[in-house]
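Subject: Structure for your review

Dear colleague,

Please find below the structure that I am handing over to you. Kindly look through the sequence and the coordinates before reading my notes, which follow directly after them.

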Amino acid sequence: MAEKKKKSDFISTGVVAQNRRAHFDYLIEEKYIAGLQLSGTEVKSLRLGHANINDAYGVEKNGELYMSNMFIAEYANKGYESHVEKRDRKLLLKKKEIIDIINALARKGATLVAIRLFFNDKGRAKLEIGLGRGKKMYDKREATKERDWNRDKQRILNNANH
């Protein structure tokens, strides 16, 4: 028997999942906020925070955009209705945004990646997606060096002030 969750355990607004490697692996050129076409048990599972978008990427099918490889765990108190955990979920965007993204994806090296999954102020599930291109290894090393230097610089400034 699945354990009962209290009302306070549900996420009504705020971040459900984040892809922290997105900015490290990709140079994000443009960001969009997209709605998601979800079933009832998927929303309930998201409200419990059971999602992973680290491997999610966007694909184009028949002039529409889908988020592929996005994991939403099966809802424990599902009854007879359930959902597939890693299915392609349709992204709900304006027509002009869809056309812009499809044209950008046609370029070599462009990728649509999930950045964060959240519930907005109205309680609707939204996905922040980024259109970017993959970084080369030397770009990643440069970003790591810069991050380390900024951390050291901040530490030196804090010690000088005290």
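Leu 36 stands opposite Leu 91 in strand E7. The two strands concerned, E2 and E7 (residues 89-92), pair in the antiparallel sense over two bridges. Please bear in mind that this is a predicted model.

Strand E7 has another partner to consider. E5 and E7 also pair in the antiparallel sense, over two bridges, and here Tyr 66 stands opposite Lys 90 in E7.

Which residues does Leu 91 touch, if those up to four places away in sequence are not counted? They are Ala 34, Gly 35, Leu 36, Leu 65, Tyr 66, Met 67, Leu 112, Leu 127 and Ile 129.

Leu 91 also has a place in the largest nonpolar core, which has 27 residues. Met 70, Leu 91, Leu 117, Leu 127 and Ile 129 are the residues that touch the most other members of this core. At least two residues of the core come from each of the following elements: strand E1 (14-18), strand E2 (26-36), strand E5 (64-68), helix H3 (95-106), strand E8 (110-119) and strand E9 (125-134). As general background, nonpolar side chains tend to be buried together in soluble globular proteins.

Strand E9 also holds Gly 132. Is Gly 132 buried or exposed? Gly 132 counts as buried, because its relative accessibility is 3%, and buried means under 20%. Leaving aside neighbours within four places in sequence, Gly 132 is in contact with Leu 27, Ile 28, Glu 29, Gly 109, Ala 110 and Thr 111. With regard to Ala 110, its C-alpha atom and that of Gly 132 are separated by 5.6 Å, although the two residues are 22 residues apart along the chain.

Asn 62 is not a glycine, yet has a positive phi of about 55°. Asn 62 lies in the loop between strand E4 (57-61) and E5, and counts as exposed because its relative accessibility is 79%, where exposed means over 50%. Asn 69, likewise a residue other than glycine, has a positive phi near 65°. Asn 69 is placed in the loop between E5 and strand E6 (71-72). With a relative accessible area of 26%, Asn 69 is partly exposed.

Yours sincerely,

A colleague

How values were computed: Residues are numbered from 1 along each chain as its sequence is written. This is a predicted model: local features need pLDDT of at least 70, side-chain atom pairs count only at pLDDT 80 or more; totals for chains, interfaces and linings use all residues. Side-chain values use heavy atoms; hydrogens and water are left out. A nonpolar core is a set of buried Ala, Val, Leu, Ile, Met, Phe, Trp, Tyr and Cys residues joined through side-chain atoms within 4.5 Å. Buried means under 20% relative accessible area, exposed over 50%, partly exposed in between (1.4 Å probe, protein chains only). Helices (H or I, at least four residues) and strands (E, at least two) are DSSP runs, numbered from the N terminus. Contact means heavy atoms within 4.5 Å. Two strands pair if DSSP finds at least two bridges between them.
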